[in-house]
Amino acid sequence: MDIPALQRALSEQKLDGWLLYDFHGQNPTAVGAVGLGGHLLTRRWFYLVPARGEPRLLVHAIEAGSLPSHVAGARETYSSWQSLRQSLERLVSSLPGRRLAMEYFPMAAIPYLSRVDAGTLELVRSLGVEVVSSADLVQRFLCRWTPHQVASHVRALRAIDDAKDAAFAYVGESHRRGYDPTEDQVQDFLMKRFADRGLVTDHPPIVAVNAHAGDPHYVPSKERPTPIRRGDLLLIDLWAKEANADDPYADITWVAFAGDRPPAKAEEIFRVTAEARDVGLATVRAAFREARSLQGWQVDRAVRDHIASKGYGDRFIHRTGHSIGTAAVHGDGANLDDLETHDTRELLPGTAFSIEPGIYLPDEGLGVRSEIDVVLTDEGPQVFSKIQEELVRIR
């Protein structure tokens, strides 16, 4: 983190500090912010960045030697539960006021930022602290991409785009040879392509045929292999990144039909889905053009209203998009969501998110989703991948 810039932001928001806390990886936001990933820390730790003055790190005595040297600030240790409370009291009493940000959101309305357990919040509040959400700080200081990260994202996008095209070609070639590949075989094919390009992922791709495509988080099974035959609808959702810890993910979804003439219903729901995706992108671009702030829920609402207007509102069962991260494909920034949550966070320059509406009709053996990634650059919202305009024909 840029500590001086963060301290200026704390002063602007009339906050006395940002109190980061973790125990056993419950708060990956804090772990990433302080740069403690991969270090042996099995006890509670706190890191206070005050609006003015030196940051302070509080760790258990047995783990003082486990800390990397890059963590800025003074260090203090505790051993007993009594000394932990006393040390926290000293941290708080060193501040001019007691208004602190933590990874918490009122009523857990945005669970992606509700990282600190209720007991720890009670402990901190018992010291006379007013705890407010760190949501804005997380976006501003942990979710913005550098030019290097944007370049890495673009390379990853090109690689997974190539892998997706190769997977569709593999299915077509298999059919021409008289063989029906299975979902899990296509998944394995994609994972090998990732490895060949030096990519890593937190989960294998989704490869879903027919009714399985109507399950947004379907997982292919080697124990129950499903063949992909001529005349089938095939959805592939794939995400991966380059191998450095701070490299961001790329995440896309495409849908294909194994044949020349997809069913009319499949073409219809894909067209509605693609139109809704484009409505979302147009909403983001219009806000940039008009120098107008835009919150995550507003994009979701525009996309959702379009799908509802075509009669499929009840078949779009997830948010429109998610923040794109580095440690995981789902990042800590604003989501495009007015369904699962009402995400009031502003879409900030330097951040990235997916736009991925879908229509799911598993009872009719159908499901489609169309996903792109949007990076909010200084030049405006940028999509660095191809955008699917019609169902891919696998021949």
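Which residues of α6 meet which residues of α7? In this predicted model, local features need pLDDT of at least 70 and side-chain atom pairs count only at pLDDT 80 or more, whereas totals for chains, interfaces and linings use all residues. Residues are numbered from 1 along each chain as its sequence is written, and side-chain values use heavy atoms, with hydrogens and water left out.

On the α6 side, Ile160, Asp162, Ala163, Lys164, Ala166, Ala167, Tyr170 and Val171 meet Gln185, Val186, Phe189, Leu190, Arg193 and Phe194 of α7 (contact: heavy atoms within 4.5 Å; helices: DSSP runs of H or I, at least four residues, numbered, like strands (E, at least two), from the N terminus). By class, the contact of α6 with α7 has 10 nonpolar, one polar and three charged residues (nonpolar: Ala, Val, Leu, Ile, Met, Phe, Trp, Tyr, Cys and Pro; charged: Asp, Glu, Lys and Arg; polar: the others, Gly among them). Helix α6 spans residues 147-176 and helix α7 residues 183-196; the two pack at about 145° with their axes 10 Å apart (axes are lines fitted to C-alpha atoms, for helices over the stretch in contact, and angles run from 0 to 180 degrees between N-to-C directions).

An open sheet of three strands is ordered β11-β14-β15, with antiparallel pairing (strands pair if DSSP finds at least two bridges between them). Its edge strands, β11 (352-355) and β15 (380-382), each pair on one side only. Neighbouring strands of the sheet are turned by 30° against each other on average, direction ignored. Strand β14 (residues 372-377) is joined to β15 by three bridges, and valine 375 has glutamine 382 in β15 as its bridge partner. Helix α8 (residues 264-289) lies across β11, β14 and β15 and runs at about 0° to β14.
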